[in-house]
Amino acid sequence: KIDNIRFRIHATNPRYTEWNRELGANIAGLQGMYLFFFIVYSFFVGIHFYGLRNLWRTQSMHTIVKLLTTSIVLTFAFIFFDMIHYLTFANNGKGVPALHVLGELFRVLSILNFFFFLLVLSKGWTITSDVLEDRQQIFGGMGTLVLFYLI
């Protein structure tokens, strides 16, 4: 008679290299993709903030630039958190689920912010006028988009 047997099963994918062994076929290579995009995005975010610093110094920071910067920062945060999650996942098979959820939240916020950016630009805000006209339509459309994201 055997009582209280404790065991742990840890399955890996032997077809892949050590870099992808913990990952399934549907997500193999994601950690490399996020690492690549993090490096590329870091370069472009650095260039953007250099230009932003020049705008700040000359006190010509425009609201459109602030909206675009917000979208860039949210996208960078999404890439950073998902990169950490998938690099950790490739190492231990678990990752950091909280960072993955946080990354997905930043991804959704980035998309919504960029959509808002495009929407107000298409309405002519700050190009022909400093006043945002049809606010109810714009925020109604954004509210509808947020509802679709939540569903």
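**Close-up views of a predicted model**

Across the chain of this predicted model, pLDDT (the predictor's confidence in each residue, from 0 to 100) averages 85, and 96% of the residues score at least 70. Residues are numbered from 1 along each chain as its sequence is written, and side-chain values use heavy atoms, without hydrogens and water. Local features need pLDDT of at least 70 and side-chain atom pairs count only at pLDDT 80 or more, whereas totals for chains, interfaces and linings use all residues.

**View 1. The stacked pair Phe38 and Phe76.** The structure holds eleven aromatic pairs (rings of Phe, Tyr and Trp, the last by its six-membered ring, with centres within 6.5 Å; planes under 30 degrees apart are stacked, over 60 edge-to-face and the rest tilted). The ring centres of Phe38 and Phe76 are 5.3 Å apart and their planes stand at 25°, so this pair is stacked. Because Phe38 lies in helix α1 and Phe76 in helix α2, the pair ties together parts that are 38 residues apart in sequence. Phe38, at 19% relative accessibility, counts as buried (under 20%; exposed is over 50% and partly exposed in between, with a 1.4 Å probe and protein chains only), while Phe76, at 22%, counts as partly exposed.

**View 2. The edge-to-face pair Phe43 and Phe44.** These two rings, Phe43 and Phe44, lie 5.2 Å centre to centre with 70° between the planes. Phe43 is exposed, with a relative accessible area of 52%.

**View 3. The aromatic cluster.** One cluster is formed by Phe38, Tyr41, Phe76, Phe80, Phe81 and Phe106.

Technical notes: Helix = DSSP H or I, 4+ residues; strand = E, 2+ residues; numbered from the N terminus.
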